[in-house]
Amino acid sequence: MNMPSPPSEALSMATPAKGNSASSHALLSIVIPCFNEEEVIGETLCRLRAFCAELHNLDVELIFVDDGSRDRTRLLLKGFAAEDPQIKLVCFARNFGHQIAVTAGIDAARGDAVVLIDADLQDPPEVILEMVRKWREGYDVVYGTRTERPGESRFKLATARGFYRLLNRLSDVPIPLDTGDFRLMSRKVVTTLQAMPERDRFVRGMVSWVGFNQIALPYRRAERFAGESKYPLRKMIRFATDGILSFSSKPLQLSVAMGMTCASIALAGILYALILRLFTDIWVEGWTALMIAVLFIGGVQLISVGILGEYVGRIYNEIKGRPLYVVNEYIGFREEGPATSRSPVVHNR
């Protein structure tokens, strides 16, 4: 575990954020990505406001990122933002995905520290208080570690557990087990993340790659307040693939190992056939052995080509150079605007 920064550095991180000079307090930005959350968004805001009331010597901005919701989520958020100057809204032109929404929120945040939390209330906002205490002690990243996950199926729990352990075995960077995106990050971590332009984003892995002083904060995850999960099996598989391929080249090494194994088996088969042909009256005959060999080697080749194709596809996505996201409008940022934006369209009001 990394040791915290010296007290002088911890104090320096509490200086007011740029654009917040009217206040002597440090600024905490809370980023909440949303997609079709109309059933829970009102309760989420109530819980966040209750949490904000418990904070002392710390200003707060709530940055909701609407990821192209198809229900009334955006309409409700616009109403909240019109009534509360703490609330700021990033409205995507379409659905870009959870990790891109998180990135847009991080880009827009002006805080000395930035918290990532989902809108479904599975990650309790009250835990942020302890995260802030750890940050004031000098830690740059305070990430939540789930001790319990009620309301989730055995299949999801087992696959999640297996994924994190597989990822840690394959990744060149140690990634904490049983963690999500629920975390607090200091400004220097946020600035480093903003300098990372990759498109297939796995934010929790990127934060681990950044380094600095990081500490785990165990907490009990709650059941989803309302609505349904936005990560069905198909998206979970894609998310797991992004995590593995973004932080490891070992799948490519695995395909080489499979190829060498197949070559060894094929060589053994050739030697076996030659020995039978030259030194016995029994020849290799029948289609069974031939078909097994062809199908086995063909299967390994297809797997290897598929792994290679995944990496090539990611290279193709990167070299196209398209914007990471497109924002339809920024609401509530007023004259200062978002801290930064990767969108070619920035309409601020």
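Student: Before we go on, what pLDDT do local features need here?
Tutor: This is a predicted model, with residues numbered from 1 along each chain as its sequence is written, and side-chain values use heavy atoms, with hydrogens and water left out. Totals for chains, interfaces and linings use all residues, side-chain atom pairs count only at pLDDT 80 or more, and local features need pLDDT of at least 70.

Student: Okay, back to the strands: which residue in E8 stands opposite Cys91?
Tutor: Cys91 belongs to the group with Ile87 and Leu89 that points one way from E3. E8 covers residues 327–331. Standing opposite Cys91 in E8 is Glu329.

Student: Why is E3 described as largely enclosed by the rest of the structure?
Tutor: Buried means under 20% relative accessible area (exposed is over 50%, partly exposed is in between; 1.4 Å probe, protein chains only). Lys88, Val90 and Phe92 point the other way from Ile87, Leu89 and Cys91, and all are buried. E3 (residues 87–92) is largely enclosed because the buried share of its residues is six of the six.

Student: Which residue in E3 is the bridge partner of Leu62?
Tutor: E2 (residues 58–66) pairs with E3 in the parallel sense, over five bridges. Leu62 touches Ile30, Ile32, Leu45 and Lys88, among others, residues up to four places away in sequence not being counted; contact means heavy atoms within 4.5 Å. Its bridge partner in E3 is Ile87.

Student: How many residues has the largest nonpolar core?
Tutor: A nonpolar core is a set of buried Ala, Val, Leu, Ile, Met, Phe, Trp, Tyr and Cys residues joined through side-chain atoms within 4.5 Å. In the largest one, the residues with the most contacts inside it include Leu62, Phe64 and Leu184. Apart from it lies another core, of 31 residues, among them Ile100 and Tyr325. The residue count of the largest core is 39.

Student: With cysteines in mind, how many disulfides does the count come to?
Tutor: A disulfide here is a pair of cysteine sulfur atoms within 2.5 Å. Cys34 is buried, at 2% relative accessible area, and Cys91 is too, at 0%. The disulfide count is zero.

Student: Which side chain makes a polar contact of 2.8 Å with the side chain of Asp181?
Tutor: Asp181 lies in strand E6 (residues 179–186) and is buried, with 7% relative accessible area. A polar contact is a pair of N or O atoms within 3.5 Å; within protein, one must be able to donate a hydrogen and the other to accept it, and residues adjacent in sequence count only if both atoms are side-chain atoms. Asp181 and Arg204 are joined by their side chains at 3.3 Å, while the 2.8 Å partner is Gln99.

Student: How many residues of helix H4 are buried?
Tutor: H4 spans residues 98–108, and its buried residues include His98, Gln99 and Asp107. Helix H4 is largely enclosed by the rest of the structure, so the buried count to remember is eleven of the eleven.

Student: How far apart in space are Val189 and Val207, C-alpha to C-alpha?
Tutor: Val189 sits in helix H7 (residues 187–194), and at 0% relative accessibility it counts as buried. Beyond its neighbours within four places in sequence, Val189 is in contact with Asp140, Val141, Val210 and Phe212. Val207 is 18 residues from Val189 in sequence, and their separation in space is 7.6 Å.

Student: Which residue has its backbone nitrogen 2.9 Å from a polar atom of the Ser343 side chain?
Tutor: Ser343 is in the segment after strand E8 and counts as buried, at 8% relative accessibility. Leaving aside neighbours within four places, its contacts are Tyr325, Val326 and Val327. The backbone nitrogen at 2.9 Å belongs to Val327.

Student: Last one: what percentage of the residues in the protein chain is buried?
Tutor: The chain has eleven helices and eight strands. Among contacts between residues at least 6 apart in sequence, 79% join residues at least 24 apart. Out of 349 residues, the buried share is 46%.

How values were computed: Helix = DSSP H or I, 4+ residues; strand = E, 2+ residues; numbered from the N terminus. Pairing = 2+ DSSP bridges.
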